[in-house]
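Here are some brief notes for a colleague new to this structure.

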Amino acid sequence: MYRKTLSISSSADDFDLPFQGQLSNNNRWVILAELIPWEEFEQEYAELFSTEKGAPAKLFRMALGSLIIKEKLGISDRETVEQIKENPYLQYFIGLESYQEEAPFDASMLVHFRQRINQKLINQINYRVVEREREKESSNSSVKKKKK
């Protein structure tokens, strides 16, 4: 059944956000961000760049996070940047400290991210994520046994 109601045009300023300026810890991107040991691989990524010349590189979290978003959502490079631009959860995932309306990088940067983050590094990251989760599960089961 469809009931027509009076539709009132509202502006984007009037749109009510449920999270009242805070991201939900239950969001899939927040959870995934906590699983990935970003800092463990930052140095390895930094060694790919010159300290003397060139434009400052994007941080490892931004590079890897963007590639994860692209693959997880199955979208193009341009659409990845648009999604990041529009979504505060994705901005958090790539390491931005607050929401920004402008794109954090051009879509062409994803080509460079893919060149720098090779399959060997991806495999190391995946291994470490699984290892961290196993450690967490082992720790949780130890705590449960002690409580009994």
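**Notes on the salt bridges**

1. Glu131 and Arg128 form a salt bridge, with their closest N and O atoms 2.7 Å apart. The term means a side-chain nitrogen of Lys or Arg within 4 Å of a carboxyl oxygen of Asp or Glu. The two residues are three apart in helix α7 (residues 119-147), so about one helical turn separates them. Helices are DSSP runs (H or I, at least four residues), numbered from the N terminus.

2. This is a predicted model: local features need pLDDT of at least 70, side-chain atom pairs count only at pLDDT 80 or more, and totals for chains, interfaces and linings use all residues. Residues are numbered from 1 along each chain as its sequence is written, and side-chain values use heavy atoms, leaving out hydrogens and water.

3. Arg128 is buried, at 17% relative accessibility. Glu131 is partly exposed, at 27%. Buried means under 20% relative accessible area, exposed over 50%, and partly exposed in between (1.4 Å probe, protein chains only).

4. Helix α7 also holds Lys136 and Glu133, three residues apart, or about one turn. Their salt bridge has its closest N and O atoms 3.3 Å apart. Lys136 is partly exposed at 44%, and Glu133 is partly exposed at 24%. Elsewhere, salt bridges with shared partners join Glu40, Arg128, Glu131 and Glu135 into one network.

5. Asp77 and Arg114 meet through their side chains in a salt bridge (2.8 Å, N to O). Asp77 lies in helix α4 (residues 77-86) and Arg114 in helix α6 (residues 109-116), so the pair ties together parts 37 residues apart in sequence. Asp77 is buried at 17%; Arg114 is partly exposed at 36%.

6. How many salt bridges does a search of the whole structure find? Seven.
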